[in-house]
Amino acid sequence: MEWLILFLAGVLGGILNSIAGGGSFVTFPALLFVGVPPVAANATNTFASCAGYISGAYALRQEILSGTKQLKLTLILSVLGGAIGAFLLLHTPEALFTQSVPWLLLFAALLFTFGGHINSLIKKAASKHKHAGKAGAFFSALLLLLVCVYGGYFNAGLGIVTLSYLALAGYININVMNGIKLLVSASASMAAIVLFIVDGSIDWSSGLAVLLGTLVGGYYSAQISRNIPQNYVRNSVIVASFLITAYFFYAN
């Protein structure tokens, strides 16, 4: 029964990620619901989400190659940031991480809700105040590193955080931005997963159930997305994300 619950949560998460984003608001709580400890649930959710990042990045590989200014540096910083974030997670006491979960979910929910407005504001600011020289390059690299540290520590909301960074870095082509977002997310997640495997933090049975569900949901979401307006799905995710966040604040 637990495996079925996780598989169905993965299906729904895969559909949401393909249509509007926010799949982790389903899969992460589902892992906690079936009894996976919080740190292990976060690590397992990162593992289950990574396949979607990799497949998406591969699908947009031409956009990534044509639009990425410094591909090697982006990959290095993504891997380094993901590893640092995973290291911090694994060295965070379980009780402390449990207390931080509602706040992390709230942060992710706010990003999901206002991410579009944030990106628009950042794009306007970036167009008026172009960073110049080595200082701007250093700031951009540091910001990418911090984004990936967050991704290695807590996967939910990573895509929106990455898009905000790309807007600030001066990217304007949405297809290129989506491709780089998926590449960064995949790289940071894979680095984190290596540390999680070494530490033994991944619940493989639960993770496989979510992973298979995510692949099924993502595959069939194209058909569903034709029949359901994206705004309806997005608004439903926003409501659900705040309800789930409120529940975790109440439970704590």
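This is a predicted model: local features need pLDDT of at least 70, side-chain atom pairs count only at pLDDT 80 or more; totals for chains, interfaces and linings use all residues.
A residue counts as buried here when its relative accessible area is under 20%, as exposed when over 50% and as partly exposed in between, using a 1.4 Å probe and protein chains only. Residues are numbered from 1 along each chain as its sequence is written, and side-chain values use heavy atoms, with hydrogens and water left out.

**Overall build**

The protein has 11 helices and 0 strands; helices are DSSP runs of H or I with at least four residues, strands are runs of E with at least two, and both are numbered from the N terminus. Contact means heavy atoms within 4.5 Å. Take the contacts between residues at least 6 apart in sequence: 81% of them join residues at least 24 apart.

An unreviewed UniProt entry lists residues 40-61, 73-91, 103-122, 134-152, 158-174, 181-198, 204-220 and 232-250 as "transmembrane region". Such positions follow the numbering used here, with feature names shortened, and annotations may be inferred rather than shown by experiment. In the model, the span 73-91 is 95% helix and 0% strand, and its end C-alpha atoms are 27 Å apart. For 204-220 the figures are 100% helix and 0% strand, with 24 Å between the end C-alpha atoms.

**Two helix pairs**

Axes are lines fitted to C-alpha atoms, for helices over the stretch in contact, and angles run from 0 to 180 degrees between N-to-C directions.

| Helix pair | Axes come within | Crossing angle |
|---|---|---|
| α2 (residues 24-33) and α3 (residues 38-59) | 9 Å | roughly 140° |
| α5 (residues 71-90) and α9 (residues 174-199) | 7 Å | roughly 40° |

That makes α2 oblique to α3, and α5 and α9 are therefore oblique to each other. On this scale, angles under 35 degrees are roughly parallel, over 145 roughly antiparallel, 65 to 115 roughly perpendicular, and the rest oblique. The crossing of α5 and α9 is right-handed, and α2 crosses α3 in a right-handed way too; right-handed means the near helix is turned clockwise from the far one by less than a right angle, left-handed anticlockwise.

Where α2 meets α3, the residues include Phe-28 and Leu-31 from α2, and Ala-41 and Asn-45 from α3. By class, that contact has 5 nonpolar, 6 polar and no charged residues. Ala, Val, Leu, Ile, Met, Phe, Trp, Tyr, Cys and Pro count as nonpolar, Asp, Glu, Lys and Arg as charged, and the others, Gly among them, as polar.

Over at α5 and α9, residues that meet include Gly-82, Ala-86 and Phe-87 in α5, and Ala-188, Leu-195 and Asp-199 in α9. This contact of α5 with α9 divides into 15 nonpolar, 4 polar and 1 charged. Asp-199 is partly exposed, at 46% relative accessibility. Asp-199 and Phe-87 sit 112 residues apart in sequence, yet 9.8 Å apart in space, C-alpha to C-alpha.

**Covered spots**

Helix α8 (residues 158-168) is mostly covered, with 9 of its 11 residues buried. Among them are Leu-158, Thr-162 and Tyr-165. Gly-170, with a positive phi near 100°, follows α8.

Thr-214, in helix α10 (residues 204-225), is buried at 13% relative accessible area. Beyond its neighbours within four places in sequence, Thr-214 is in contact with Gly-10, Val-11, Gly-14 and Ala-48.
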